[in-house]
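Please look over the sequence and the model below before reading my numbered points.

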Amino acid sequence: MNDWTTKVKFRTAGDHGLVVEFADIICADINQIVKQLTKYLNDQQLKGLIEVVPTYRSVTVYFDPLIITRPQLSNYVSEILSGIKHFKESLPSRVVYVPVCYSGVMGPDLEFVARYTGLLPNEVVKLHTSKPYLVYMLGFTPGFPYLGGLPEQISVPRQEKPRTKIPAGSVGIGGNQTGFYTIESPGEWWLIGRTPIKAFNPLSPNPFLVSAGDYLHFTEITIEEYFIIRRAIEAGTYQLEVSYLQDGDSNDYNHSTRGFYNNPR
């Protein structure tokens, strides 16, 4: 990360948007800077700041031009970045465990992914559940997590013709990315499983299951366990498993559990 500051670009996004672009690649180191800048701006509550939106490799800052000008905001962000390059803030990350059923109708494309990659279906599942994935950003549909770090062995090009309707909870692979559909929607990823977890609830004070900077770890469950968990979620009794890791070290877990806060009832 030694030379990332030389590549920072400030771009205009309409009358009240400033894009701070760090690089033209997707990597965890750059995303760490995105997280630090986002956290700092949100913590400072700068007058005139409306919203801070992180992405894979940039931060878009929306502001009120009647309160703070674009040059003033650019100078303010530059000062923050000059401080960030001299230290690396410790940012513990949540790891949210998402149970997934990979069998039968829950994973209609698992056999295709196995054939395409030359693996057995259980080997695809083993690789897919082998590590936590960094949530780089949310988008496409409300709360849809774009996850980085998919093992190359199970990377599969996206479908040429998108499906018109994909069930909520479907877990998919598209290129070198993976994620799961939080609501029923069209999509072009290959579906290898489904989770009973409700990742988006517009009626909740905190409607999203995960945020950018969290990690998501898929775990395999049976079809019987899928329906048991789904009933527990509907009853509001399911305990979501969460752990914590330090500085993106996926080997440093501090396991804990908490209630399922996103009760869909």
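1. Leaving aside residues up to four places away in sequence, T129 touches Y102, H217, F218, T219 and E220, where contact means heavy atoms within 4.5 Å. This is a predicted model, in which local features need pLDDT of at least 70 and side-chain atom pairs count only at pLDDT 80 or more, while totals for chains, interfaces and linings use all residues. Residues are numbered from 1 along each chain as its sequence is written, and side-chain values use heavy atoms, with hydrogens and water left out.

2. T129 sits in the loop between α4 and β6 (133–138), and a polar atom of its side chain lies 2.8 Å from the backbone oxygen of V125.

3. Helix α3 (residues 110–117) and helix α4 (residues 121–128) have axes that come within 8 Å and cross at roughly 95°; helices are DSSP runs of H or I with at least four residues, and strands are runs of E with at least two. The axes are lines fitted to C-alpha atoms over the stretch in contact, with angles from 0 to 180 degrees between N-to-C directions. On the α3 side the contact is made by L110, E111, V113, A114 and T117, and on the α4 side by P121, V124 and V125.

4. Strands β3 (residues 49–54) and β4 (residues 58–63) pair in the antiparallel sense over five bridges, pairing requiring at least two bridges found by DSSP. A hairpin through three residues joins β3 to β4, and E51 stands opposite Y62 in β4.

Note on methods: A polar contact is a pair of N or O atoms within 3.5 Å; within protein, one must be able to donate a hydrogen and the other to accept it, and residues adjacent in sequence count only if both atoms are side-chain atoms.
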